[in-house]
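Hi,

Here is the structure I said I would pass on. Have a look at it first, and then read my notes below.

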Amino acid sequence: MNDFAHDVLVVGSGAGGAMAAYELTRQGHKVLLLEAGRNYDPRTETPMFRPNSIAPLMGTPTPDKEFGFYDSTVDGGWQVPDEPYTTAEGSEFLWWRARMLGGRTNHWGRYSLRFSEHDFKGKSRDGLGADWPFNYDDIAPWYDKTEALVGVCGTNTGLDDMPPSSEGVLQPPPLPRVPELLIAAAAKKHGITAVPMHRAVLTKPLDDRAACFYATPCGYGCSIGAAFQTTTSLLPMAQATGNLRIITNAMVKIVTTDAQGNVTGISYIDKKTCTEQQIGAKVVVLAASACESARILLNSKNASHPNGLANSSGQVGRNLMDSTGAGLSALVPALMDRPRYNEDGHTANHLFIPWWGHEAQANKELDFPRGYHFELGGRFSEPGAYVSGDLQGYGTALKQQVRAHYGAYVSFALRGEMLPNEHCYMDIDPQVTDKWGIPVPRFHWQWSEHELKQVEHGLKTAKAILETMGATVGELPAAKDAIKKGGEIIHEVGTTRMGSSSKDSVTNQWGQTWDCPNLFVMDGGVFASNPHKNCTLTIMTLAMRNSAWLAAQLEAGKL
Ligand SMILES: Cc1cc2nc3c(=O)[nH]c(=O)nc-3n(C[C@H](O)[C@H](O)[C@H](O)COP(=O)(O)OP(=O)(O)OC[C@H]3O[C@@H](n4cnc5c(N)ncnc54)[C@H](O)[C@@H]3O)c2cc1C
Ligand code: SF4
């Protein structure tokens with residue numbers, strides 16, 4: 001390492017870590033990035049042109065490939081070999097990890113919605129949860145920069161749930177599909193508007209990345225760079241500056257400190273040799289994902305920091321939030337036996353339904369405080385083993401039914417805001433360690449009435465729209481049975497939250513920990529709340545804004 005004198009050491013190469021590396025290296029600072037997973041190159045490893053028809057079990061999800069045979073996650077999933085986690089008695093929590101360069105950005109859904117002033121200031125409005133320590137106007141220019149760099153398609157809708165991007169920032173969205181237009185028409189009769197989804201997918205070429213050609217599932221990865229993943233964008237861009245060096249298979253164990261408690265660097269396990277290594281650093285940026293960064297901080301406890309590093313507030317590991325999730329789908333007779341044509345698009349939904357109930361909540365007409373959105377499903381998608389659904393029968397009659405039903409189901413996936421509560425947190429399991437002897441996280445989870453009432457409302461609304469489309473829906477499940485498990489929506493955030501005071505938060509608005517000025521967190525751990533909009537665009541925007549601030553501190557000699 002002697003030939004590379006790094007200014008900043010970044011842990012993790014996913015959304016937050018890669019953006020931090022991009023911004024710092026762009027500004028001339030040398031960055032050493034440590035990644036626990038193996039090297040991964042989408043240009044050579046992505047199975048994007050392989051159809052389900054040649055996959056084992058027609059591509060059906062299996063315990064080691066939970067999003068289907070060709071899902072691009074390597075060395076990860078709900079379980080990671082050699083890296084267990086535990087859940088406290090009475091709690092259910094799922095934790096998705098991807099041990100590979102680029103982390104979970106290699107196969108995320110790419111839904112990319114801005115938070116609004118409304119989202120940042122929930123507590124000021126209804127007294128619940130926590131406000132963020134800045135206003136929407138402070139972050140709006142950074143959303144513009146991030147959307148333009150990443151490449152986000154969508155439109156400015158003028159709806160109160162969707163703050164506009166500056167002129168020319170968004171790429172054009174793809175056209176809606178027929179089932180989506182049908183949903184939009186039915187929703188309109190209920191006073192609800194469907195609009196183009198914002199997605200980190202290029203519909204026009206950008207730098208050396210090609211535009212989407214609307215043919216292959218984005219979850220397999222995208223070797224042409226159209227679906228955003230850090231391995232085809234931020235990481236090569238940062239490497240091109242000559243200021244980035246990456247060490248893969250480097251599992252960071254703790255942040256190290258000197259006798260006075262000042263941060264001096266990190267200690268990591270070289271997974272190839274199973275040896276522990278130490279690297280010094282002037283500044284450490286943790287972006288290992290919300291729960292991994294909190295784990296590292298809690299495991300870094302020592303005499304100067306007896307409750308864990310940067311934890312004088314006691315908030316590290318607390319305020320763990322996911323999005324709420326629930327789904328409803330039904331067969332729409334009007335869509336049966338449609339003539340066949342290509343409806344692939346950019347894989348995910350082209351239209352979605354943003355939250356429409358701000359006014360009703362302000363008028364106290366709803367019995368739950370925070371909003372949700374619907375991600376819509378319905379198209380001729382690549383057939384897999386489940387193409388026949390629950391149809392029964394044999395021979396020609398069954399085949400005819402399967403053909404008639406193909407492309408005629410539509411679905412509503414609810415994603416909603418959850419409020420932090422005292423029962424949802426992670427700590428360190430006192431008994432269990434991973435393969436390298438590093439203590440693992442233990443999750444505690446309990447949904448509150450706020451989330452259950454929100455899901456109940458969502459299911460009723462989806463049912464009403466489906467019935468307007470002519471579908472038969474039947475009795476709805478109870479919200480407690482319909483709501484997904486904690487962690488299952490894979491939007492876990494909040495475990496090192498930012499705030500205005502060191503008493504009740506872990507970092508300031510720049511992701512700088514209150515207790516250690518040269519220690520930053522730049523993943524979803526810093527979220528003060530978890531609005532219904534998918535979290536990653538905001539993780540990247542904060543990482544860019546906060547890295548620019550960090551660069552200014554370095555240049556001013558303050559760090
Ligand atoms: C199937 C799926 C769909 C999703 N869809 C969406 C979506 O549509 N929109 C959205 O906003 N979000 C979505 N997400 C969530 C999104 O992927 C995450 O919010 C985002 O990737 C988080 O970024 P991150 O940098 O915090 O973590 P990650 O992207 O997970 O990156 C963290 C990196 O740190 C590494 N690491 C962890 N621990 C250590 C350690 N101790 N030492 C060194 N390195 C370490 C990991 O290996 C990993 O590479 C989805 C996720 C999944 C899995
Ligand atoms: S649909 Fe488009 S964005 Fe998605 S993997 Fe295929 S080319 Fe890439």
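**Notes on the model**

Gly280 sits in strand β10, which covers residues 275-280. Before going further, please keep in mind that this is a predicted model. Gly280 counts as partly exposed because it has 13 C-beta neighbours inside 10 Å. Its contacts, once neighbours within four places in sequence are set aside, are Thr264 and Gly265. Gly280 and Leu9 are 271 residues apart along the chain, yet 8.5 Å separates their C-alpha atoms.

**Domains**

The chain splits into domain 1 (1-49 + 65-152 + 222-322 + 422-445 + 492-559) and domain 2 (155-196 + 324-416 + 448-482). Their C-alpha centres are 32 Å apart. Domain 1 puts 19 residues into the contact, and domain 2 puts in 18 residues. On the domain 1 side, α4 (122-126) and α5 (136-150) are the elements that give two or more residues, and α5 gives the most, with six residues. Sorted by class, that side of domain 1 has seven nonpolar, seven polar and five charged residues.

**The core**

The largest nonpolar core holds 134 residues, and Val10, Ala21, Val284 and Val285 have the most contacts inside it. Helix α13 (residues 536-555) supplies the largest share, eight residues. Where does this core lie relative to domain 1 and domain 2? Both domains give residues to the core, so it lies between them. As for Val10, leaving aside neighbours within four places in sequence, it is in contact with Gly17, Ala20, Ala21, Val31, Leu33, Val285 and Ala287.

**The two ligands**

- Ligand 1 is surrounded by 39 residues, and the closest are Gly12, Gly14, Gly103, Gly109 and Asn534. The elements giving two or more residues to this shell are α1 (15-26), β8 (250-257), α8 (290-299) and α13. By class, the shell around ligand 1 has 18 nonpolar, 15 polar and six charged residues.
- Ligand 2 has 14 residues around it, the closest being Cys212, Thr216, Cys218, Cys222 and Ala227. The shell around ligand 2 is made up of eleven nonpolar and three polar residues, with no charged ones.

**Helix α11**

I also checked the length of α11 (residues 449-468). With 20 residues at 1.5 Å a residue, the helix should span 28 Å, and its end C-alpha atoms are 29 Å apart, which agrees. Its buried residues are His450, Glu451, Gln454, Val455, Glu456, Gly458, Leu459, Thr461, Ala462, Ile465 and Leu466. What do the buried residues of α11 pack against? They meet α6 (178-188), β12 (324-331), β14 (372-377), β15 (409-416) and α12 (479-482). Just after the helix, Gly470 has a positive phi of about 95 degrees.

**Backbone points to check**

Most residues other than glycine have a negative phi.

- Tyr214 is not a glycine, but its phi is positive, at about 55 degrees. Tyr214 is in the loop between β6 (195-196) and α7 (234-240). Tyr214 counts as partly exposed, because 15 C-beta neighbours lie inside 10 Å.
- Asp337 is not a glycine either, and has a positive phi of about 60 degrees. Asp337 lies in the loop that runs between β12 and β13 (351-353). With 13 C-beta neighbours inside 10 Å, Asp337 also counts as partly exposed.

Cheers

Conventions:
Residues are numbered from 1 along each chain as its sequence is written. Chains are lettered from A and ligands numbered from 1 in the order in which they are written. This is a predicted model: local features need pLDDT of at least 70, side-chain atom pairs count only at pLDDT 80 or more; totals for chains, interfaces and linings use all residues. Helices (H or I, at least four residues) and strands (E, at least two) are DSSP runs, numbered from the N terminus. The expected span of a helix is 1.5 Å times one less than its number of residues. A residue is buried if 20 or more other C-beta atoms lie within 10 Å of its own, exposed if 12 or fewer, and partly exposed in between; C-beta atoms are placed from the backbone. Two residues are in contact if their C-beta atoms, placed from the backbone, lie within 7 Å. A residue is near a molecule or strand if its C-beta atom, placed from the backbone, lies within 6 Å of it. Ala, Val, Leu, Ile, Met, Phe, Trp, Tyr, Cys and Pro count as nonpolar, Asp, Glu, Lys and Arg as charged, and the others, Gly among them, as polar. Domain bounds come from an automatic or database domain assignment. A nonpolar core is a set of buried Ala, Val, Leu, Ile, Met, Phe, Trp, Tyr and Cys residues joined through C-beta atoms within 7 Å.
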